[in-house]
Amino acid sequence: MPYLTSAVLPAGTLSRTPQPTIPTGDGLVLRPWRAEDAPAVHAAFQDPLMHQWHIRAAESEAEVRGWIAEWRGAWAQERNVQWAVADAADDRLLGRVALRNVLLGDGVAEVAYWTVAAARGRGVAARATSALARWALDETGFHRLELSHSVANEASCRVAEKTGFALEGTKRSALLHADGWHDMHLHARVRGD
């Protein structure tokens, strides 16, 4: 059965070129993950705050090396694309930013991020999210980016607001965390916002 509309982004939009490194212009760089990032990612996931807002734990560096291998291969699959957020001066890992649940044909993806404890309060998540949104919406041609977070995660809500993701509503009891079901705020940016 034929579609009545054309794909917003055709298959191969991402995978036909290597995953880019994206400078933020203000001291950060979004770059593809490297195997040598495993110790820093493992250390980041030992932080109790990560356990509060994320549903995964990292039990070993070997486990994290497996994640990084998946993250590196995800670009070719065009579904869940991950970048390391690093200090542009010394390449120190400060966090992660991603496009998850990518639907190229619809031109839609979900933005996700985290930062290491030492980077919090420095605008790292907001700066990385802004750079990723610019790249996805303005350079690549996505139409809509969504961002969701627990309603109890006020810091994540501030990141969404600072980066132009309008609050669209609340998804009730939408995600199971270690402490139970969380209502989730849904924010979005569309091309031209």
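The structure is a predicted model, in which local features need pLDDT of at least 70, side-chain atom pairs count only at pLDDT 80 or more, and totals for chains, interfaces and linings use all residues. Residues are numbered from 1 along each chain as its sequence is written, and side-chain values use heavy atoms, with hydrogens and water left out.

The protein chain holds 5 helices and 8 strands, where helices (H or I, at least four residues) and strands (E, at least two) are DSSP runs numbered from the N terminus, and their order along the sequence is β-β-α-α-α-β-β-β-α-β-α-β-β. Its radius of gyration is 16 Å, close to the 16 Å that the globule rule gives for 193 residues, so the chain is as compact as a globular protein of that length; the radius is taken over C-alpha atoms, and the rule is 2.2 Å times the number of residues to the power 0.38.

Strand β4, residues 93-103, is mostly covered, with 8 of its 11 residues buried, where buried means under 20% relative accessible area with a 1.4 Å probe, protein chains only.

| Strands | Sense | Bridges |
|---|---|---|
| β3 (residues 81-87) and β4 | antiparallel | 6 bridges |
| β4 and β5 (residues 108-115) | antiparallel | 7 bridges |

Val-81 stands opposite Leu-99 in β4, while Gly-95 stands opposite Thr-115 in β5. The hairpin of β3 and β4 has 5 residues between its strands, and Asp-91 in the turn has a positive phi of about 65°; in the hairpin of β4 and β5, with 4 residues between the strands, Gly-107 takes a positive phi near 70°.

Terms used: Buried < 20%, exposed > 50% of the residue type's maximum accessible area, 1.4 Å probe, protein only. Pairing = 2+ DSSP bridges.
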